[in-house]
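Please look at the sequence and the structure shown below. The paragraphs that follow go through them step by step.

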Amino acid sequence: MSSSAFIIFIFTLLQGFALSTKNSEEFNAGTTRGSDNMMNSVKTAMDTIITVNDDQEVFAVDGVRIREGDIAVSRHNERSCFAQTCLWNKSVDGHVYVAYTLSPFYSEVDESGIKRGMKLIERGTCVRFVPKTHERDYLDIQPKSGCWSYFGATGGRQVLSLQAPDCLGSAVVSHQLMHALGFLHEQSRADRDKYISILWKNIWKDRLRNFEKFRINNMDTPYDYGSIMHFGKYAYSEDGNPTIIPKRNQNARLGQPFGPSKLDIIKINKLYKCD
């Protein structure tokens, strides 16, 4: 091979290597952007709940109205619990045993999903969900229409609805169980305006009440953008534009698609004085 032919050969190889590297970088960049977009598009627990409850038109159940999209409130419950908290009893061994029954209409797969949601709350807290034996106060978990729960312990039989299969993701289950334990939505905090902006003009007019604030016990915990109890960025959007924007961290993701956040667990432990 002549020296000139050899030089052309080497030049061609270098061009090919450069092109291959450029394509690889573009592919990796595209994959990263795609992953970010995919993460941004992941539905939070509340996104799923809103979709299911709106599709099922769950606005009142068993003569009881629904607040904030998924909290059933009776007159007694609202008067005695909504401004403060109705707690489940703590046992002498330091655990909070929440008895429950499961509808016979759930399949084994359905029951597994519900129990996974329970485990997410039990992990790191003193709360334990136990099958009902003799307990007076208990959760009666049923596949009614939609995903919803009463707030706090109401006393006696307490229905909690987990429609199958739509409401049986572990994050949705743990969200509803946290309502039953006595937690409202994170953006309902009285101090929320320091941390988020509510874009009222983008919200469906008949859903504005779902964004009310309440004086609740925050237990001196920081505002949690990533709480399992937080609405998503586009909750009840009328036109596809955001309804909630974080103030202190513009890139913060709102809500949680997987399970209780670390702060959610801390709040449970504080509320129930877990050792």
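Which residue in E2 does Ala60 stand opposite? Ala60 stands opposite Arg65 in E2. Some ground rules come before the rest. This is a predicted model, in which local features need pLDDT of at least 70 and side-chain atom pairs count only at pLDDT 80 or more, while totals for chains, interfaces and linings use all residues. Residues are numbered from 1 along each chain as its sequence is written, and side-chain values use heavy atoms, with hydrogens and water left out.

The term pLDDT stands for the predictor's confidence in each residue, from 0 to 100. Its average over the protein chain is 84, and 81% of the residues score at least 70. Residues 2-40 stay under 50. For this stretch the model has 4 contacts beyond four places in sequence, where contact means heavy atoms within 4.5 Å. Where pLDDT is low, the predicted coordinates should not be read in detail.

Now to the chain as a whole. The protein chain has 6 helices and 10 strands. Helices (H or I, at least four residues) and strands (E, at least two) are DSSP runs, numbered from the N terminus. Of the 275 residues of the protein chain, 48% count as buried. Buried means under 20% relative accessible area, exposed means over 50%, and partly exposed lies in between, with a 1.4 Å probe and protein chains only. Among contacts in the protein chain with a separation of 6 or more, 72% come from residues 24 or more positions apart.

Next comes the sheet. Strands of a sheet pair through backbone hydrogen bonds, either parallel or antiparallel. Two strands count as paired if DSSP finds at least two bridges between them. Here 8 strands make an open sheet with mixed pairing, in the order E1-E2-E3-E7-E8-E6-E4-E5. Its edge strands are E1 (60-61) and E5, each of which pairs on one side only. Ala60 and Arg65, the residues of the opening question, stand opposite each other.

How many disulfides does the model have? The count comes to 2 disulfides. A disulfide is a covalent bond between the sulfur atoms of two cysteines; here the rule is a pair of cysteine sulfur atoms within 2.5 Å. Cys126 and Cys274 form a disulfide with their sulfur atoms 2.0 Å apart. This pair links distant parts of the chain, since Cys126 is in the loop between H4 and E5 and Cys274 in the segment after helix H6 (262-271), 148 residues apart. The link of Cys126 and Cys274 has -60° about the S-S bond and is left-handed. Cys126 is buried, at a relative accessible area of 7%, and Cys274 is buried at 16%.

Cys147 and Cys167 form a disulfide too, with sulfur atoms 2.0 Å apart. The torsion about the S-S bond of Cys147 and Cys167 is about -75°, so the disulfide is left-handed. Because Cys147 lies in strand E7 (residues 147-150) and Cys167 in the loop between strand E8 (157-162) and helix H5 (170-181), the pair ties together parts that are 20 residues apart in sequence. Both Cys147 and Cys167 are buried.

The last topic is aromatic rings. Rings of Phe, Tyr and Trp (its six-membered ring) pair if their centres lie within 6.5 Å; planes under 30 degrees apart count as stacked, over 60 as edge-to-face and the rest as tilted. By this rule there are 7 aromatic pairs. In one of them, the rings of Trp200 and Phe211 have centres 6.2 Å apart and planes at 70°, so the pair is edge-to-face. Trp200 is partly exposed at 41% relative accessibility, whereas Phe211 is buried at 0%. Phe211 and Tyr236 form an edge-to-face pair as well, 6.1 Å centre to centre with 80° between the planes. Trp200, Phe211, Phe231 and Tyr236 form one aromatic cluster.
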